[in-house]
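Please look over the fold below. The report that follows takes up its sheet, its helices and its cores.

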Amino acid sequence: MSTILITGATSGLGRHLAFELVRSGHTILAHGRDRGRTESLVAELRTEGEAEGYVADLASLAEVRELGARVAEARPGLDVLVNNAGVGAGSPGSGREVSVDGHELRLAVNYLAPVALTRSLLPVLRANAPARIVNVGSAGQEPIDFDDPEFTRGYAGFAAYCRAKFALAAHTFALAEELAGTEVAVNVLHPATFMDTAMVREGGVAPWSTVADGAPGVLALATEDRGTGGYFDGTRPARAHEGTYDKETQKRLAAVTDQLSAP
């Protein structure tokens, strides 16, 4: 059985995954932003199996790195990371928001945070290979404007969300190549469309599907060998935005990421 860190575990898809996985006998490390909600979730999970809670605000890269360090020290057996936490497009008409570090919020939480957390946990994951990294992406993907990666011009929430998910997919494919031969698999998926979550409802969208619809794809990637460097639509292998596979785009993205993530 695996030791699995799930970010954004206190609600929506993350919460559903935590219960599915703990009931299957896995040890769940549940991340949340709110201490009370995280402790409450862990108390519930412990009625089913082994669980531990970790609190961090993923809008702060310092807190993301501290989270990685705490998990690595407390749980050296970690072998699965599910980067699930995210912020949606925001409420209709809402403007551009920034993270604790001053980055565009969707880019910060949906992209910079999972990249930083993954980097901080890679030594542990490599030590426990075969290991798996699952990036919860989206079918909504839009190329990043490298002249304006922080989206300061013509901002739109849904486009910002799609740009961050494009970046996450491109990063996944580059990381899979970097980790070739290490037995650390990294994949990205679109779990389901407009699941019934607070994020979707905040965006003014009537949900099309449930979190239970989105779970099988994540569960498969977290617990089965589905290869590496793949993009999945639910449980089915699919193609991400063609731009995410472009080597030059991946290189430029890595340079921007390093620049934006510098402590």
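## Helices on the sheet

Helix α5 lies across β5, β6 and β7, and runs at about 155° to β6. Helix α7 (residues 211-223) also packs on the sheet. α7 touches β4 (80-83), β5, β6 and β7. The direction of α7 makes about 155° with that of β5. Keep in mind that this is a predicted model.

## The sheet itself

In what order do the eight strands of the open sheet stand? The order is β3-β2-β1-β4-β5-β6-β7-β8, and the pairing is mixed. β3 and β8 (236-238) are at the edges with a single partner strand each, so one side of each has no neighbour in the sheet. On average, neighbouring strands are turned by 25° against each other, direction ignored.

At one end of that order, β7 (residues 231-233) pairs with β8. The pairing is antiparallel and runs over three bridges. In it, D233 stands opposite R236 of β8.

## Helix α1

Helix α1 covers residues 12-23. Its 12 residues should span 16 Å at 1.5 Å a residue, and its end C-alpha atoms are 17 Å apart, which agrees. Its buried residues are L13, G14, L17, A18, F19, L21 and V22. They pack against β1, β2, α2 (35-45), β4, β5 and α7. Just after α1 comes G25, with a positive phi of about 100°.

## Helix α3

Helix α3 has 14 residues. From first C-alpha to last it reaches 20 Å, close to the 20 Å expected at 1.5 Å a residue. Which residues of α3 are buried? They are L61, V64, L67, G68 and V71. Seen down the helix axis, the buried residues of α3 fall within an arc of 115°, so they line one face. The general rule is that an α-helix has 3.6 residues a turn, so residues three or four places apart point the same way.

The buried residues of α3 pack against β1 (3-6), β2 (27-32), β3 (51-55), α4 and α8. On the other side of α3, A62 and E73 are exposed.

## Two nonpolar cores

The largest nonpolar core has 42 residues. L5, V71, L78, Y111, L121 and I133 touch the most other members. Elements that give two or more residues to this core are α3 (61-74), α4 (105-127), β5 (131-136), α5 (157-178), β6 (184-190) and α8 (247-261). The largest share, 13 residues, comes from α4.

What does L5 contact, leaving aside its neighbours within four places in sequence? Its contacts are L29, H31, V71, L78, V80, L81, V82, L117 and L121. One of them, V71, is also among the buried residues of α3.

## An exposed proline

P92 sits in the loop between β4 and α4. Is P92 buried or exposed? Its relative accessibility is 64%, so P92 counts as exposed, the cut-off for exposed being over 50%. P92 and F158 are 66 residues apart along the chain. Their C-alpha atoms are separated by 9.3 Å.

Note on methods
Residues numbered from 1 in each chain as written. Predicted model: local features only at pLDDT ≥ 70, side-chain atom pairs only at ≥ 80, totals over all residues. Heavy atoms only, no water. Core = buried A, V, L, I, M, F, W, Y, C linked by side-chain atoms within 4.5 Å. Buried < 20%, exposed > 50% of the residue type's maximum accessible area, 1.4 Å probe, protein only. Helix = DSSP H or I, 4+ residues; strand = E, 2+ residues; numbered from the N terminus. Contact = heavy atoms within 4.5 Å. Expected span 1.5 Å × (residues − 1). Arc of directions from axis to C-beta. Pairing = 2+ DSSP bridges. Axes fitted to C-alpha atoms, helices over the stretch in contact; angles between N-to-C directions.
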